[in-house]
Amino acid sequence: MRHLLGIEGWRRDELESLLDRAKAHLPGGPDATHLLRGKVVANLFFEDSTRTRTSFHMAAKGLGASVLNWTHTGSSVSKGETLLDTARNIEATGPVAIVMRHRSSGAPHLVAKHVKCAVINAGDGTHEHPSQALLDAFTLRQRWGALDGRTVLIVGDVLHSRVARSNLLCLKALGARVVVCAPPTLIPPGLEALGAEVTHNLDAQLPHADAVMCLRLQLERQEQAFLPSTREYARLFGLNVAREERMKADAVVMHPGPINRGVELAPAVADGPRSVILEQVSNGVAVRRAILEVCAA
Ligand code: NCD
C-alpha cells in the first residue's frame, strides 16, 4: 500500500517504473481485471470534475474493482459533516483506496494520516494534481521516448494551478527543461527554486518549446483582480493560430481541460493537428490503472 499525495516524494525511478507499467494498460493490452477483483475503490470528490473522476472510475473498473462514487453534492457535507468524518465513514465501507479531490491544499495529506487504505490525490486546492502530471508525462514519453533535454513551456494561470506545480516537479524529475510563462500577477513565488525558468514573454519562448502546455485561467479561484481583462490576457498569453505557426514543426499543444476556448487557447489550435489534448485524456485511464495498481493492488 502506498499513497500518491503528490509528485513530491516520488523518485525518478519510481515515476518511470509507474509510467512503464501504464503501457500494459493501454487499450488492447492484457486483461487486468484480476488485479483488484472483489475490491472497492472509493472516489471522494468534494469539487467538480469531468475527466479525473470518470477516468479513475474507468481505471478502477478495468482492474476489476467496484467503484463507490461519492460527490459533495447531495452528501451530508451540507449538514456540517467534517472532512475527516466523511473520509472515515467512507473508509468504514472497506475500500482499498480513496481517490480524493478537495478545494483545500493538503486535504488528502490529512486524510492519509487517519485512514488505513491508500489515498490518491486527485487535485488538492492549488497544490498538486499528480495523476494529471503523470498522464501528461506519459503522453510526452509516447512521442519522444525520453524527456531528457526537451523543453516544455507551461503557459497560463500558474498561480492557481495544481496541474502546473505537479507537472513542474514531474517533468524536472524526468529530465526535461521547464519554462513557465504568465503575467507577473499569476506567477507564484519560489518557482525557480523548484527548477523552473520564468518568463513573461510568450512570443520569445514559443519557437524553442517542444511542447506548449496551456492552462485554464481559473477565474473561480481569483478573488482579486489579477488581470485587466480576459481579452487582454488572450491577446498577450493566448495560444492562437498566428502563434502556433511560430512553434517548432513537431511541437505539440497540451491542455489538462477544461478549456476556456478563445481565452488561453484558440479553438482552431485546440482541435488542430498539433493538439494531443484528447490523447492526454485517453492515456489518463491507463496511467490511473497503473497508479491504482502500484498504490492499492
Ligand atoms: C484541472 C483541475 O481540476 O485541476 N483539470 C483536470 O483535472 N484535468 C485543471 C483546471 O481545473 O483548470
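**Entry 1: the largest cavity**

I looked up the lining of the largest cavity in this predicted model and found Arg51, Thr52, Ser55, Gln132, Leu135, His255, Pro256, Gln280, Val281 and Arg288. I took a cavity to be a set of points, on a 1 Å grid over the protein atoms alone, where a 1.4 Å probe fits but cannot get out; lining residues have an atom within 4 Å of a point. I noted that residues are numbered from 1 along each chain as its sequence is written, and that side-chain values use heavy atoms, with hydrogens and water left out. Local features need pLDDT of at least 70 and side-chain atom pairs count only at pLDDT 80 or more, while totals for chains, interfaces and linings use all residues.

The search of the whole structure gave one cavity of 30 Å³ or more. I recorded about 80 Å³ of space in the largest cavity, a volume being the space filled by probe spheres set on the grid points, which are joined across faces, edges and corners.

I sorted the lining into three nonpolar, five polar and two charged residues. Here Ala, Val, Leu, Ile, Met, Phe, Trp, Tyr, Cys and Pro count as nonpolar, Asp, Glu, Lys and Arg as charged, and the others, Gly among them, as polar.

Which helices each supply at least two residues of this lining? I found helix 2, helix 5 (130-144) and helix 11 (277-296); helices are DSSP runs (H or I, at least four residues) and strands likewise (E, at least two), numbered from the N terminus.

**Entry 2: charges over rings**

I found the charged end of Arg288 over the ring of Phe56, 4.9 Å from its centre. Arg2 lies over the face of Trp10, at 3.7 Å from the ring centre. The criterion was NZ of Lys or CZ of Arg within 6 Å of the ring centre and within 35 degrees of the ring normal.

**Entry 3: a stacked aromatic pair**

I noted that Tyr233 and Phe237 form a stacked pair, 5.6 Å centre to centre with 25° between the planes. Rings of Phe, Tyr and Trp (its six-membered ring) pair if their centres lie within 6.5 Å; planes under 30 degrees apart count as stacked, over 60 as edge-to-face and the rest as tilted. Tyr233 and Phe237 are four residues apart in helix 8 (residues 230-237), and therefore separated by about one helical turn.

Methods: 1 Å grid on protein atoms, 1.4 Å probe; cavity = no way out; pocket = protein on both sides within 12 Å on 5 of 7 lines; lining within 4 Å.
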